[in-house]
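Student: Please take one part of this model and look at it closely. Then set that part against the whole chain.

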Amino acid sequence: MEKAAVSSKTHTPNLRFERKFVYERGETQAIIENVSRNPFGFKEVFHLRKVNNIYFDDANFNFYKQNVEGVANRKKLRLRWYGDESSQIHDPTIEIKIKQGEVGDKVSHKLRGLSFNLQRQSPNEVHNGLIAATSNSFRIKQALSSLQPALLNTYERRYFLSFCGKYRITVDFNQEFYNPNYQVYQHSKTKIDDVILELKYALENDREAREVSQSIAPRLSKNSKYVRGINLLYHPEL
């Protein structure tokens, strides 16, 4: 296993709000049309793409439990890559999501030149490969060594930006969840029809953002794809 070229710039905290709206069994196109009619003039700014993740947790699922219990300051760690073929992992990114009360931040470590194939390698083998490939980054290797794969999920995402440039919206749909600890993880596939709309913006725009939110949906929803996946695949074991 070759070492990955770990891209990790000096991180400057960039706390932001991430407001989520959940449409149970929602019609994706109708939701997107509603976004397009928003008075803040949202336009699609990127092509549709498939997002793939492996989430990691410790043996006691403490990342999951902290989220469910509403712990104000918490973290979670995932491996993210893009591509319609979810089994083909190329140039992935290790992301550490940081939550501080109602706002959050993200630290990203790009693993350039690293590839895995989930058709031939299990998620646990990918995990071991990540530890070996990041040996030149003690912080990442240490974090990964104390965790294990807990959830694999995929979904499609579309991206929108307001005319003023201060607000971003993503719309996620066709969500699939897998238990990476199955002997053949694909056999654990669970799919849901919920559509997740997420409104993202800087702290200083919170007051005005309420007007944006009111034209999207009547109320916010607490949603974590990680928690939802764990509930679907492990509950009531946890």
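Tutor: Two strands pair if DSSP finds at least two bridges between them. Strands are DSSP runs of E, at least two residues long, and helices are runs of H or I, at least four long, all numbered from the N terminus. The model is predicted, so local features need pLDDT of at least 70, side-chain atom pairs count only at pLDDT 80 or more, and totals for chains, interfaces and linings use all residues. Residues are numbered from 1 along each chain as its sequence is written, and side-chain values use heavy atoms, without hydrogens or water.

Now the part itself: strand β4. β4 spans residues 73-82. β4 has a partner in strand β3, residues 43-57. The two run antiparallel, joined by 6 bridges. Within β4, Leu77 stands opposite Phe56. Strand β6, residues 93-100, also pairs with β4. That pairing is antiparallel too, over 8 bridges. In β6, Glu95 is the bridge partner of Arg78.

Next, the chain around β4. The chain holds 12 strands and 6 helices. Its radius of gyration, taken over C-alpha atoms, is 18 Å, close to the 18 Å of the globule rule (2.2 Å times the number of residues to the power 0.38) for 238 residues, so the chain is as compact as a globular protein of that length. Its C-alpha atoms fill a box of roughly 50 × 40 × 35 Å along the principal axes. Buried residues make up 50% of the 238. Take contacts (heavy atoms within 4.5 Å) between residues at least 6 apart in sequence: 70% join residues at least 24 apart.

Methods. Buried < 20%, exposed > 50% of the residue type's maximum accessible area, 1.4 Å probe, protein only.
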